[in-house]
Each structure stands twice: as C-alpha cells, then as structure tokens.
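My notes follow in the order of looking.

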Amino acid sequence: MKEETLAFALGQRVVYPSQGVGKIFRIADRQFEGKTLTYYDIYFEEEDMNIMVPAERAEELGVRCIVPPDEAQQALDMMSEDCEPITSDWKLRYQTNYDLLRKGSVADVATIVRCLYHRSKVKELPLLERKLYESAKSVMSDEIGCALDIPPKEVEKMIHARLEPWRALPREKTDAPVQVFTAEDFPGEPEAKLENGVEEDASFFDVPIPRAAFRREPETDAEEDISFFDDTDRDDADTDIEDIDDDE
C-alpha cells in the first residue's frame, strides 16, 4: 500500500481502543496468505508493548487520531454532568459499555467512566466491570493528556474532581480559638453529684425508663410479681393486706 493512501503517518500518535495512546514508529509490508499487506507497528509506552495493525483495517478496528483540545475539554466536562439511569443487570451493562469502548470515541469512553463510577457508588462492580472501568479511564486520561499537553496522572485527578466535586472543594482555614464550655454556661442542666470521689452524670434521669427494666424474678413459685402495678395499685394492695390483718 502506497504511503499516500495511508490514513496515518509514521511517527503519528493515535488512539487504539482498550489500549490508549500509542505512536506509529514503523510502517512495514508483510506477507500473509500469499498477499502483501501493510501494517502499522504501534508502540505503547505505558505498557511497553507493540501491536501490529493491518493498515486497511485500522479504522475498522477503532484506530483513530487524537481529538483536538476543545473536544478533549468537552469530554472532561462530561464528568460533571448527571448520569442517566442504567440497568441493574451487570451483564447487559457490561456488553453495552464494552461496545462503546470498541467504538472508541472520546465521548463514548467518557460515558463509560461516568456510568461505571456512579454505579460503583451504589453497589460494588463485578470484576469484569472493574477492569473495563480502569481500562476506559486509562484510555481517556491518555488521550486528554495528549490533547491538552497534560500528564495522564493529572488528568485522572481532574476526572475524579469532576466526578466528586465536593471532595475537591478547599477546606476553609480559621484561626479562631476553640471555645470551652463549663457547667455555668448551662444553668438549666442537672448538676453532677460526687459519690465515692467519682463524678456521676445525672442527665440520664431525664429519660423515662420502662418498669420492665426493674422487674425481679420471683424467688419461689408462690411469690407474686407486682412490678407491673403503678403507685396507686401498690397503695391499694398495701391497704388490702392491712385490712386482712385487722380482720384476723
């Protein structure tokens, strides 16, 4: 294949789906089944590996050019947008996102990252989806970093800051002294009492305690449990007992 008809040039940086950004460092002809085919030899620095891609099938396999800076910025801003409702069936969700990754556009990859990140906050992702998420995030970071001339690690921080903006907010610093309160500041609170040199907190007396907490198990079968009586019933019971004694 003549160089004039090739979609990509020697030394050009390209995006390969599921691998990220690589550089074409060689274009060579090879024999395959009796035919002479032209191949792109793409080197990926991050993984330190090469991939041979047939030139006539490169676009079909998703190999494409790096997006311009404005398109890269749009993909980055997509992280701040609301995530559309997604299916709870992880197999269907995985297949849908995998097909998006194979298409390879930067917007599709950004959609995968946003979708799976928010899903992971609802429920832990299965192993295959975790790998798909990491792969999509790596591809996105590589391409946006190359388009905006920013290190991929910095792009990952920018992605995370947009996915969780509240974590990226700076904390307000203050030099105000810490205020210490004493019992004099709360005159309506019950005073603490000292017993055996130990300070007791009497505030729990404000909380009603059910009588069942003070029930006592009868020591014999004949002993009656009257813990459920209120104070009026107890007085009546004492009066009845005294009347019985007087009668005897």
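Which residue in E5 stands opposite valine 15? I found arginine 64 there.

Before going on I noted the terms of the model. It is a predicted model, in which local features need pLDDT of at least 70, side-chain atom pairs count only at pLDDT 80 or more, and totals for chains, interfaces and linings use all residues. Residues are numbered from 1 along each chain as its sequence is written, and side-chain values use heavy atoms, with hydrogens and water left out.

Entry on the sheet. I took helices (H or I, at least four residues) and strands (E, at least two) as DSSP runs, numbered from the N terminus. Two strands count as paired if DSSP finds at least two bridges between them. I read an open sheet of five strands, in the order E4-E3-E2-E1-E5, with antiparallel pairing. The edges are E4 (49-54) and E5 (64-65); each has a single partner strand, so one side of each is left without a neighbour in the sheet.

Entry on E1. Strand E1 covers residues 13-16 and pairs with E5 over two bridges, in the antiparallel sense. I looked up valine 14 on both sides: its bridge partner in E5 is cysteine 65, and in E2 it stands opposite glycine 22. E1 and E2 run antiparallel and are joined by four bridges. Another residue of E2, glycine 20, stands opposite tyrosine 16. The hairpin of E1 and E2 has three residues between the strands, and serine 18 takes a positive phi near 70° there.

Entry on E2 and E3. I counted nine bridges for this antiparallel pair. Glutamine 31 has threonine 36 in E3 as its bridge partner. The two strands form a hairpin with two residues between them, where glutamate 33 in the turn has a positive phi of about 55°.

Entry on E3 and E4. Six bridges join these strands, which run antiparallel. Aspartate 41 has methionine 52 in E4 as its bridge partner. The hairpin here has four residues between the strands, and aspartate 48 in the turn has a positive phi of about 55°.

Entry on salt bridges. I used the cut-off of a side-chain nitrogen of Lys or Arg within 4 Å of a carboxyl oxygen of Asp or Glu. The structure holds 11 of them. I looked up one, in which the side chains of arginine 26 and aspartate 41 meet at 2.6 Å, N to O. Arginine 26 lies in strand E2 and aspartate 41 in strand E3, so the pair ties together parts that are 15 residues apart in sequence.

Entry on the largest pocket. A pocket is an open set of points on a 1 Å grid over the protein atoms alone, where a 1.4 Å probe fits, with protein on both sides within 12 Å along at least five of seven lines; lining residues have an atom within 4 Å of a point. The volume, meaning the space filled by probe spheres set on the points, with grid points joined across faces, edges and corners, is about 290 Å³. Of the 13 lining residues, I found Arg13, Val21, Gly22, Glu45 and Glu46 closest to the centre. Which elements give two or more residues to this lining? They are E2, strand E3 (35-44) and H4. E2 gives the largest share, four residues. By class I noted six nonpolar (Ala, Val, Leu, Ile, Met, Phe, Trp, Tyr, Cys and Pro), six charged (Asp, Glu, Lys and Arg) and one polar (the others, Gly among them).
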